[in-house]
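Please read them beside the structure.

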Amino acid sequence: MTYILEVVKKSIAALAILIVCGTASPQTSDPWWKHALVYEIYPRSFQDSNGDGVGDLNGITSRLDYLKDLGVDAIWLSPIYPSPQVDFGYDISDYEQVDPQYGTLANFDRLEAESQKRGIRIIMDMVMNHTSDKHPWFIGSASSKTNPKRDWYVWRDGTAPGPGHPPNNWQSIFGHSAWQYDAKTGQYYYHKFYAQQPDLNWRNPEVQKAMFDSVRFWLDRGVAGFRLDAIPTLFEDPDLHDEKVLPGTNAYGDPNLDDARTNNLPEVHDVLRELRKLTDSYAGDRVLIGETYLNNIHQLEEMYGLKQDQLQLPMDMQVGFINKLDVRLFRSRIQDAESELPAGDQPLFVFDNHDNPRSIDRYGDGKHNLAIARIVAAMLFTTRATAMMYYGEELGMVTSTPQRVEDVKDPIGVTGWPKEKGRDGERTPMQWDAGKNAAFSTAAKTWLPVANDYKTVNVKVEESEKASLLNWYKFLIAERRKNPALRDGGLTMLNTDNTNVLTYVRKGTPNVIVALNFSAQPQTLSVDWKATEVWTLLTDADSLKETKSLTNLTLPAFAVWIGSAE
Ligand code: NOJ
C-alpha cells in the first residue's frame with residue numbers, strides 16, 4: 001500500500017490537514033443512503049434567484065455545484081408546497097404543487113434533473129400529521145358536522161358548550177391548549193402544533209389513502225425519498241385521557257405534561273409499514289427518514305421495525321442533541337447506536353436543523369467555538385452513521401436570534417417571548433460572500449436579516465482559507481467516502497474511563513483512530529490500541545501533525561486527532 005502524505009501548509013490558525021491519496025472509493029452493494037451525506041436546505045434561506053428576498057428553487061439549482069464540491073449525496077428540502085407560511089411550509093395547503101414563492105413544478109423538475117447530473121438526490125419533506133387550516137380538506141371538514149371530510153380531522157365536543165372548555169388537558173407543542181374551538185360547528189379540533197395546523201385523523205383509512213397518493217405523486221417525479229415530519233405524533237389516545245401533569249411550567253407558562261397519550265403511539269408503526277411497502281415498490285432504493293425525537297435507543301429501534309420494514313433512517317436525536325460536550329454521554333450514546341441496534345439498522349446522526357439553535361452555539365463555550373465545531377464535524381463524519389447536516393453548518397454560521405419581539409417571524413417566538421424567542425435565529429440566509437446580503441439575494445430587504453458576521457463567515461472567504469471550517473468539512477466528507485475503515489469499519493470505544501477525551505477506533509486495514517479532546521485543558525493519553533505504524537490523517541493541532549505513536553499523545557485544548565494505525 002502506498003501513501004502519499006502531503007502536508008497542506010496553512011496560513012492562519014494552527015491547523016494542519018494531511019491528505020492521504022491513493023485509496024479508491026470502495027465498491028459495495030450497500031444502498032446509497034447507507035454512506036450518504038444528506039444536506040438540509042431551508043428553501044427560504046438558501047438562495048434567492050428573483051430578488052424578492054426569499055430563497056427559491058432556481059436559487060438552489062444555481063448552487064448545486066457548491067453542494068457537489070462539498071460532497072453532498074442528497075438534499076433534504078424543507079417543505080416547498082403551497083402554504084400560508086404560518087409555520088413556513090409545515091402548514092401545507094396542497095401536497096402536489098410548489099408554492100409560487102419558491103417556483104413551479106417545472107422549476108422543481110429542473111432542480112431534480114440538474115441534481116441528478118451531479119449525482120445528488122432530492123428528498124422531500126412529507127408532513128403527514130397535519131395540514132394547513134387552508135387546505136381544502138380542512139375547509140370542507142370545518143364547514144359542517146356532516147361534511148364527508150369531517151372525520152378526516154380530530155373533532156370533539158368540549159366538556160361544556162362554547163369556547164373555554166376543551167375536551168381535555170392536551171397542549172400544543174407550540175404553547176397552550178391543543179384544542180381550537182370552532183364556533184360554526186360548536187366543536188373543537190385537535191392541533192399538536194399551531195392552531196393553523198389541524199391534525200389529520202389517521203384512524204380514518206381515507207386519510208392514509210389520500211396522503212399515500214401524494215407520496216406516489218413525488219415518487220413518480222423521481223424523488224429519492226422522504227423526511228417524515230413529526231412522524232411519532234400521527235395518533236392520539238382515542239379516549240382522550242388527560243396527559244399526566246408533571247412538575248413546573250414550560251416557556252409558554254403552561255404546566256409541563258407527559259406526552260404518553262399523544263406521542264409515539266403503537267399505531268404509528270402500522271402506517272410506517274404500509275408506507276414502506278409503497279416506497280419499496282419503486283426502484284432505486286427510495287428512503288424513509290424520520291424526524292424521531294425519542295427517549296431512548298429502544299424506541300428508536302422500533303422505528304426501523306423489528307423486521308426492518310419501517311424507516312430505513314430514523315434520526316438518532318440522542319446523539320446530536322445532547323447539547324453539552326460531555327464525553328461520557330457521547331460515548332454511551334454513540335455506543336448505543338453501535339451495539340444496541342440490531343445488525344442492519346443503519347444509524348443516522350444529525351447535530352443541526354431548522355428547529356434548534358445552531359450546534360456551534362449549543363456546544364460552543366464562547367471561547368473555543370470553532371474548535372468545538374471541528375469536534376462536532378469529526379463525530380458526524382467518523383462514526384458509522386449516515387450523516388445529516390444543515391446548510392451553513394459547514395461555515396460555522398451562528399444563531400442570530402432577533403433582539404426585539406417585533407422582529408420575530410416564527411410565531412412561537414411571539415407566544416413565548418422572551419423565554420422562547422422562536423427559530424428565526426437558525427434560519428438566517430446562507431452566507432455566500434461578503435457582498436450585499438451575503439449574495440443570498442439582491443433584494444433591499446431579505447425575509448430574515450443576514451447574520452452580522454457574514455463578511456468573514458462565508459463560502460468565498462472560507463474556500464480561500466486552508467484552515468477554515470468549510471475545508472475541515474470537505475476533508476472529512478471526502479475522507480469518509482474513500483477510507484474503507486471510515487466507510488465500513490465497526491466502531492469500538494477506547495480509553496473508556498477517560499472523562500475528557502473521546503477516543504474510538506474504526507476497524508479496517510488500516511484502522512482509523514479518532515481522539516477528541518472535549519476539555520479546555522491539554523490532555524495526555526495512551527490510546528488503548530496496539531499498532532506498529534501510526535500516521536496522521538487530520539488534526540487541528542500543529543503539535544500532532546507528525547504523530548507516530550499512540551503512547552503519550554498530548555491533545556491541546558479541544559483538539560482533534562484522527563490517524564491511521566496498523
Ligand atoms: C417539525 C418541523 O421540523 C418543524 O419546523 C415544524 O414546526 C413542526 N414539525 C410542525 O410541522
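**Notes on the domain contact and the ligand site**

1. Between domain 1 and domain 3 the count is one salt bridge (a side-chain nitrogen of Lys or Arg within 4 Å of a carboxyl oxygen of Asp or Glu). Arg374 pairs with Asp540 in a salt bridge, with 2.7 Å between the closest N and O atoms.

2. This is a predicted model, in which local features need pLDDT of at least 70 and side-chain atom pairs count only at pLDDT 80 or more, while totals for chains, interfaces and linings use all residues. Residues are numbered from 1 along each chain as its sequence is written, and side-chain values use heavy atoms, with hydrogens and water left out.

3. The division is into domain 1 (2-129 + 207-236 + 270-411 + 426-476), domain 2 (136-190) and domain 3 (490-565); the bounds come from an automatic or database domain assignment. The C-alpha centres of domain 1 and domain 3 are 28 Å apart. Domain 1 gives 33 residues to the contact and domain 3 gives 31 residues (heavy atoms within 4.5 Å).

4. About 2,800 Å² is buried between domain 1 and domain 3, with 69% of this area from carbon and sulfur atoms (accessible area, 1.4 Å probe, that two parts lose on being put together, summed over both).

5. Of the 13 residues around the ligand, Asp87, Asp229, His354, Asp355 and Arg423 come nearest (a residue is near if one of its heavy atoms lies within 4 Å). A polar side-chain atom of Asp355 is 2.5 Å from a ligand oxygen atom; for His354 the distance is 2.8 Å.

Conventions: A polar contact is a pair of N or O atoms within 3.5 Å; within protein, one must be able to donate a hydrogen and the other to accept it, and residues adjacent in sequence count only if both atoms are side-chain atoms.
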